[in-house]
Amino acid sequence: MQTKTMKQWMAAAAVGVVLAGPVALAGDRIVLPVVINTVARKAEGAIGSARNSADVLQYIGCSISATTVGTSINCVARNSAGTQVSCSSTSPNLVTAALSIQTDDFLRFDYDAAGQCTAVTLHKYSFYEPKAP
């Protein structure tokens with residue numbers, strides 16, 4: 001009798017495993033679209049989230065230009081409402097930060113009233129949405 005009960009329990013456990021399906025564990029994933037605050041003069045968003053957005057308006061990033069005179073950056077962002085902001089800088093610190101931007105990063109840039117970048121901040125975490133093709 002004990003063998004029959006054990007077999008029933010094992011059969012029930014096997015059915016439970018099959019019905020539950022494979023267990024897939026993954027880390028957090030965060031979608032962070034482009035957000036622009038014209039009062040605080042900052043723009044931020046995950047590059048992958050902007051690229052993968054359902055709208056065709058969002059983007060965020062920085063370009064780097066180098067000449068024999070020096071190196072400069074130009075950072076630009078546009079949100080889903082079509083608001084666009086940009087800034088530029090020749091600051092070596094900001095250029096260095098911009099040089100390390102990758103397609104799965106979260107980017108924030110701050111700017112002043114004259115359109116000069118005052119900060120470039122990157123976050124490189126696994127939970128940011130990767131850029132899809």
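So, Ile60: with a relative accessibility of 9%, this residue counts as buried, where buried means under 20% relative accessible area, exposed over 50%, and partly exposed in between (1.4 Å probe, protein chains only). Keep in mind that this is a predicted model, where local features need pLDDT of at least 70, side-chain atom pairs count only at pLDDT 80 or more, and totals for chains, interfaces and linings use all residues. Residues are numbered from 1 along each chain as its sequence is written, and side-chain values use heavy atoms, with hydrogens and water left out.

Ile60 sits in strand 3, residues 59–66. Strands (E, at least two residues) and helices (H or I, at least four) are DSSP runs, numbered from the N terminus. Leaving aside residues up to four places away in sequence, Ile60 touches, among others, Val34, Ile47, Val76, Leu107 and Phe109; contact means heavy atoms within 4.5 Å. Take Phe109: 49 residues from Ile60 in sequence, but 9.6 Å away in space, C-alpha to C-alpha.

Now, how many salt bridges does a search of the whole structure find? It finds 2, counting a side-chain nitrogen of Lys or Arg within 4 Å of a carboxyl oxygen of Asp or Glu.

One joins the side chains of Asp105 and Lys124, at 2.7 Å, N to O. Asp105 is in the loop between helix 3 (92–99) and strand 6 (106–111), and Lys124 is in the segment after strand 7 (117–123), so this pair ties together parts 19 residues apart in sequence. Asp105 is buried at 3%, while Lys124 is partly exposed at 44%.

Then there's Arg108 with Asp110, 2.8 Å, N to O. Here Arg108 is partly exposed at 26%, and Asp110 is buried at 16%.
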